[in-house]
Amino acid sequence: MEASSAGSEQESGKTGYQLLLIAGLKKEIEMAHRLDPEQLAAEIRKIGFRCQHCGKCCRRAFGDNRVAVIPSEIERIREYTGLSRLEVAGPFVPEAPIQDKIPADDEEYPETSLRQPEEDEEQLSPDSLESFQECIDCEGRVHAFGWILRRKRNGDCIFLESDIHRCRVYPVRPMLCSTYPFYIEGLRLQTCECEGLGLQISAGDSLKLAEDLLFRYVSELEDTLVMYEKFVDFRRDEKGLELAKSRLEDRTYTCVVHDSMGSTEIID
Ligand code: SF4
């Protein structure tokens, strides 16, 4: 048994843990395909939901508003806006602590132009690096798995028109946004905090939401699977963390983002 497991690790170039992860994802995808949209719609109707158009889910002041996106979603927004891939999304790094006083309005943070997104707030700090040392290679590069939409300096989504709570990329908004506040995890329907929960939803709307949710669930799982299949592990050592810290202080750090398309190196 041991010999065959070591053999398959050698053949694939992956660790036992990575192989387990891949096998688990394959199994979950298989089971996700069997979920019944009608049953999911019934669950959604029981919970109830109607969007209040408050825009809170797009704003950092009201909680974690990170929007994870897969490459196909970045591409759709890129085509729609004419922005570059890196203007649309940045590395999915751990959340920076929320500032003590984030203004509820944008007076201090004027609306950014779509062509020239202002500097986003996903800046790593040397102290925060300690908590994810596992993601730093021996050359001091920080590895991230996936992307999130860029945010303004105050943490709001870069595509939010704050004064009127309108999404500037509504027709091509990410699946996470169009299915909010619902998501599926471990084959079960889950909800995020939202003022619209508990309000009546029609049979047609709940079914559409259920179908979108299932599509999102399977798409994200399949994308993650391809990412892990392509991922080639990196070497870590003691010096990597110190190197990353000093580069961060000099603002010359490098991030490597892994996704289903491969790896992208971003030099700050
Ligand atoms: S893409 Fe649109 S809906 Fe999604 S968080 Fe940004 S502004 Fe809100």
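Just after helix α9, R251 adopts a positive phi of about 55 degrees; helices are DSSP runs of H or I of at least four residues and strands are E runs of at least two, both numbered from the N terminus. The model is predicted, with local features requiring pLDDT of at least 70 and side-chain atom pairs counted only at pLDDT 80 or more, whereas totals for chains, interfaces and linings use all residues. Residues are numbered from 1 along each chain as its sequence is written.

Helix α9 itself spans residues 238–249, and G240, A244 and L248 in it are buried (20 or more other C-beta atoms within 10 Å of the residue's own; exposed, 12 or fewer; partly exposed, in between; C-beta atoms placed from the backbone). Because these residues cover an arc of only 65 degrees around the axis, they lie on the same side of α9, the arc being that of the directions from the helix axis to the C-beta atoms. E238, K239 and E249, on the other side of α9, are exposed. The buried residues of α9 pack against α6 (126–129) and β3 (142–145), contact being defined by backbone-placed C-beta atoms within 7 Å.

Q18 belongs to helix α2 (residues 16–32) and is classed as partly exposed because it has 16 C-beta neighbours inside 10 Å. The C-alpha atoms of Q18 and D233 are 9.5 Å apart, although 215 residues separate the two in sequence.

Technical notes
Two residues are in contact if their C-beta atoms, placed from the backbone, lie within 7 Å.
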